[in-house]
Amino acid sequence: MTGFICRTSRRERTAFGVRFDIYRKVPKDLTQPTYTGAFISILCCVFILFLFLSELTGFIATEIVNELYVDDPDKDSGGKIDVSLNISLPNLHCDLVGLDIQDEMGRHEVGHIDNSMKIPLNQGEGCRFEGEFTVNKVPGNFHVSTHSATAQPQNPDMTHTIHKLAFGEKLQVQKVQGAFNALGGANRLSSNPLASHDYILKIVPTVYEDLSGRQRFSYQYTVANKEYVAYSHTGRIIPAIWFRYDLSPITVKYTERRQPFYRFITTICAIVGGTFTVAGIIDSCIFTASEAWKKIQIGKMS
């Protein structure tokens with residue numbers, strides 16, 4: 001008697017649990033497969049697979065978001081900016097080429113030689129200057145000239161080609177397209193040999209933050225230039241290649257981001273559920289129309 005009561009209790013618990021099943025099952029003998037439904041099902045699966053792969057590609061790929069704000073991002077630099085310069089003067093001897101640095105903090109350095117190298121060109125008739133140095137974060141200039149030479153030439157030829165002028169760390173990111181080396185490739189070989197060249201640079205601090213949170217500090221810049229032959233009351237002024245710079249208070253920040261996993265799952269569920277729902281509606285409409293057409297044909301025959 002007791003065992004009978006226990007079995008009854010299990011059935012009651014099972015029936016109570018079944019009541020909460022919101023995914024009610026339709027018996028197979030009450031369903032009817034059709035060729036149209038099979039075709040729509042195959043198309044539905046292919047479409048879902050295509051959308052899934054598209055979303056998966058977007059989830060794996062990183063997105064780069066940029067923003068602007070007013071700040072000095074690299075406060076640990078000690079108020080310095082790293083500069084990398086590579087320039088060729090094919091008609092000026094290396095003994096005459098020098099780098100001078102000036103700024104509004106009172107710095108005035110003639111013939112800077114630290115971390116620099118001069119490479120003879122054209123059998124010693126020309127020179128390629130490569131140098132790395134720092135400038136203060138204040139308006140100033142640095143220029144390539146013959147000012148540091150022990151004996152000034154009569155007619156220094158300042159025609160040149162700029163291979164590289166960059167500030168801060170080098171960013172090797174394909175998706176970030178900026179003016180980090182705006183003067184790279186500038187060719188002034190056909191200009192007046194006795195002319196001075198002024199490059200006016202507006203430097204924009206740039207921060208790049210990757211997915212791990214590591215930040216790299218670089219600088220983009222815009223450039224305007226002019227070419228002129230300068231004179232004073234004593235005669236023609238010795239030409240030079242001037243790079244006059246000023247810093248923008250606006251900082252550009254690039255941040256790597258990846259789509260959150262919960263958003264990826266939500267999108268996949270929406271794709272699967274939405275596709276099956278729409279496909280079911282289409283299949284139901286086609287099946288209903290087909291059955292109605294069959295009834296019309298049978299009515300005509302009778």
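What follows is a short chat about a predicted model of one protein chain.

Trainee: What is the chain built from, in helices and strands?

Mentor: Three helices and 15 strands. Keep in mind that this is a predicted model.

Trainee: How much of it is buried?

Mentor: Of the 302 residues in the protein chain, 34% are buried. The chain exposes about 19100 Å². Carbon and sulfur atoms supply 59% of that area.

Trainee: And how far apart in sequence are the residues that make contacts?

Mentor: Take the contacts between residues at least 6 apart in sequence. Of those, 80% join residues at least 24 apart.

Trainee: Let's go inside. How many residues does the largest nonpolar core have?

Mentor: It has 33. Those with the most contacts inside this core are L85, F142, L165, F167, L183, L201 and F243.

Trainee: Which elements give two or more residues to that core?

Mentor: β2 (80-89), β3 (98-103), β6 (126-136), β7 (140-145), β8 (161-168), β10 (196-209), β11 (215-228) and β14 (241-247).

Trainee: Which one gives the largest share?

Mentor: β2, with five residues.

Trainee: Show me L85. What is it in contact with, beyond its sequence neighbours?

Mentor: Leave aside residues within four places in sequence. L85 is then in contact with L99, F129, E130, G131, F133, V144, K164, L165 and F243.

Trainee: What about a second core?

Mentor: There is a separate one of eight residues. It includes F180, Y208, V252 and Y254.

Trainee: New topic: S218. Where is it?

Mentor: In strand β11.

Trainee: Why does S218 count as buried?

Mentor: Because its relative accessibility is 3%, and the cut-off for buried is under 20%.

Trainee: What does S218 touch?

Mentor: Not counting residues up to four places away in sequence, S218 touches F167, G168, E169, L171, F180, V204, P205 and T206. L171 is 47 residues from S218 in sequence. In space the two are 7.2 Å apart, C-alpha to C-alpha.

Trainee: And what lies 3.3 Å from the polar atom of the S218 side chain?

Mentor: The backbone oxygen of F167.

Trainee: Last one. Where does UniProt place "transmembrane region"?

Mentor: At residues 34-53 and 261-282, in an unreviewed entry.

Trainee: How much helix and strand do those stretches have in the model?

Mentor: Residues 34-53 are 95% helix and 0% strand, with end C-alpha atoms 29 Å apart. Residues 261-282 are 100% helix and 0% strand. Their end C-alpha atoms are 32 Å apart.

How values were computed:
Residues are numbered from 1 along each chain as its sequence is written. This is a predicted model: local features need pLDDT of at least 70, side-chain atom pairs count only at pLDDT 80 or more; totals for chains, interfaces and linings use all residues. Side-chain values use heavy atoms; hydrogens and water are left out. A nonpolar core is a set of buried Ala, Val, Leu, Ile, Met, Phe, Trp, Tyr and Cys residues joined through side-chain atoms within 4.5 Å. Buried means under 20% relative accessible area, exposed over 50%, partly exposed in between (1.4 Å probe, protein chains only). Helices (H or I, at least four residues) and strands (E, at least two) are DSSP runs, numbered from the N terminus. Contact means heavy atoms within 4.5 Å. A polar contact is a pair of N or O atoms within 3.5 Å; within protein, one must be able to donate a hydrogen and the other to accept it, and residues adjacent in sequence count only if both atoms are side-chain atoms. Accessible areas come from the Shrake-Rupley method with a 1.4 Å probe; for residues, only the protein chains shown count as cover. UniProt positions are given in the numbering used here, feature names are shortened, and annotations may be inferred rather than shown by experiment.
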